[in-house]
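I opened my notebook to look up a few packing details. My entries follow the structure.

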Amino acid sequence: MADDIAQGRLRPGERLPTHRELAWHLKLSVSTVSKAYALAARRHLIEGEVGRGSFVTARPSDISRLEPNRAQSDLIDLTFNCPVQLPAQETSLSSALRDIAASERLPLLMPYHRDWIGMPEHRQVASAWLAGRGVSANPDDVVIVNGGQQAVSVILSALIEPGETVAAEELTDPGIKFLAANRHLTLKGLPIDADGLIPEAFAAACRSTPLRALICCPNHQSPTLAVMPIERRKAIADIAVEHDVIVIEDDVYGGFIETALPSIATFAPEHSYYVTSLSKIVCPGLRIGFIAAPPGHARDLIPGLGATTWMASSLSAEIAYRWIEDGTADRLAQVQRDELRKRQALAARILVGQSFRSLPSGLHLWLDLPETWRAESFVAQIRTHGVAVTPAEAFVVGHGPSRHAIRVSLGGATPSRTELQKGLEILADLLRGRPAASYVVL
């Protein structure tokens with residue numbers, strides 16, 4: 001079994017035969033097969049679900065969903081959710097690098113050994129940026145990291161033990177699934193609706209499962225674009241406090257919403273780790289992010305920093321420091337939102353009549369396919385037309401049913417609006433058609 005998984009003959013998520021079926025096929029006793037399955041589970045090769053069977057674990061090495069499409073150079077990529085690269089970013093970055101090179105602060109950025117959680121002045125301005133996102137954090141409780149993905153990785157590495165259970169929305173970002181698999185955590189998907197995570201489902205999971213943490217995206221949820229109402233945020237916070245569950249509030253998409261709503265951390269500051277990043281909204285090449293830890297707990301994350309990339313890049317942190325102080329970060333965020341508004345308007349015009357969810361300056365669309373289509377066949381067929389989109393299956397936690405929907409990125413994976421328009425027109429044409437017959441049952 002281990003060899004077949006390593007060689008790719010058994011794929012991540014593939015369902016395995018029952019113990020009795022495999023015993024009959026291999027002419028072994030059921031108890032022998034059951035022991036083999038138990039050993040494979042202890043080695044995190046497979047995972048079981050009561051009433052559903054055993055499945056090959058999603059391995060950390062299965063990173064195809066995390067990478068932009070590079071194999072086909074002429075492919076119009078509507079899968080990768082990255083911001084648009086714009087001239088204003090290049091101009092600002094060039095200016096910042098020149099200013100730093102000529103600055104008296106340059107020697108301060110050079111030491112190999114420095115404060116694990118970030119230089120005090122960098123944490124001070126990070127605190128100000130967080131305040132603009134509706135998060136009140138003392139600079140001593142802020143941790144500077146290399147982007148949002150590292151932030152979540154640091155928290156999981158420092159606070160969650162392998163084998164413990166972490167909850168997330170039943171449709172969640174592939175990056176979260178990757179981190180959970182990499183840490184050998186049990187990721188439990190919780191039901192969602194149009195407003196995001198359902199509090200009653202979270203409460204029920206807390207009562208039935210020893211949950212250690214919840215990873216939740218209350219703003220611009222990926223892929224559904226849900227924006228959680230304030231009352232629901234408070235309900236989630238109250239449940240977390242009642243059951244002593246850590247909340248990892250992933251708000252890397254929050255900057256795409258003009259007006260910040262109160263964070264979950266606002267209602268449960270002692271239980272919440274708030275995560276955000278400048279990479280999505282300010283400048284894609286600026287890999288810098290912030291964690292707002294519960295009061296007095298920032299240095300609890302040092303083991304997680306040591307297990308990942310140690311301290312954040314002081315040069316990137318210095319650029320962020322300058323841009324937040326002089327208003328460049330706010331200006332670049334507005335430029336990004338303005339560009340995405342134009343792309344959203346373009347998509348709305350081309351996809352008129354289709355059922356999809358969007359936000360005014362959102363980074364993607366969440367599109368329900370017509371009844372004639374299944375997500376897998378649609379994704380395969382549109383790729384033959386030179387366009388890549390992401391099926392709902394990529395976001396499903398566990399082995400639950402997947403809706404027939406696709407995420408359509410409108411961001412920087414398609415550098416120009418002309419290329420985006422071409423891809424959306426191909427998408428619209430295929431949605432109006434019917435799937436080609438792929439097999440015949442006799």
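I looked up Ile 248 first. Leaving aside neighbours within four places in sequence, Ile 248 is in contact (heavy atoms within 4.5 Å) with Val 152, Ile 155, Leu 156, Ala 213, Leu 214, Ile 215, Cys 216, Tyr 273 and Val 275. The model is predicted: local features need pLDDT of at least 70, side-chain atom pairs count only at pLDDT 80 or more, and totals for chains, interfaces and linings use all residues. Residues are numbered from 1 along each chain as its sequence is written, and side-chain values use heavy atoms, with hydrogens and water left out.

Next, the cores. A nonpolar core is a set of buried Ala, Val, Leu, Ile, Met, Phe, Trp, Tyr and Cys residues joined through side-chain atoms within 4.5 Å. Buried means under 20% relative accessible area, with a 1.4 Å probe and protein chains only. The largest nonpolar core has 69 residues, and Ile 248, Leu 278, Val 282, Phe 290, Ile 291 and Trp 323 touch the most other members. A second, separate core has 25 residues, including Leu 78, Ile 350, Val 408 and Ala 428.

Then I checked His 364. I found it in strand E14, residues 364-368 (strands are DSSP runs of at least two residues, numbered from the N terminus). Is His 364 buried or exposed? His 364 counts as buried because its relative accessibility is 0%. A polar atom of its side chain lies 3.0 Å from the backbone oxygen of Pro 223. Not counting residues up to four places away in sequence, His 364 touches several residues, among them Asn 81, His 220, Gln 344 and Arg 407.

Note on methods. Buried means under 20% relative accessible area, exposed over 50%, partly exposed in between (1.4 Å probe, protein chains only). Helices (H or I, at least four residues) and strands (E, at least two) are DSSP runs, numbered from the N terminus. A polar contact is a pair of N or O atoms within 3.5 Å; within protein, one must be able to donate a hydrogen and the other to accept it, and residues adjacent in sequence count only if both atoms are side-chain atoms.
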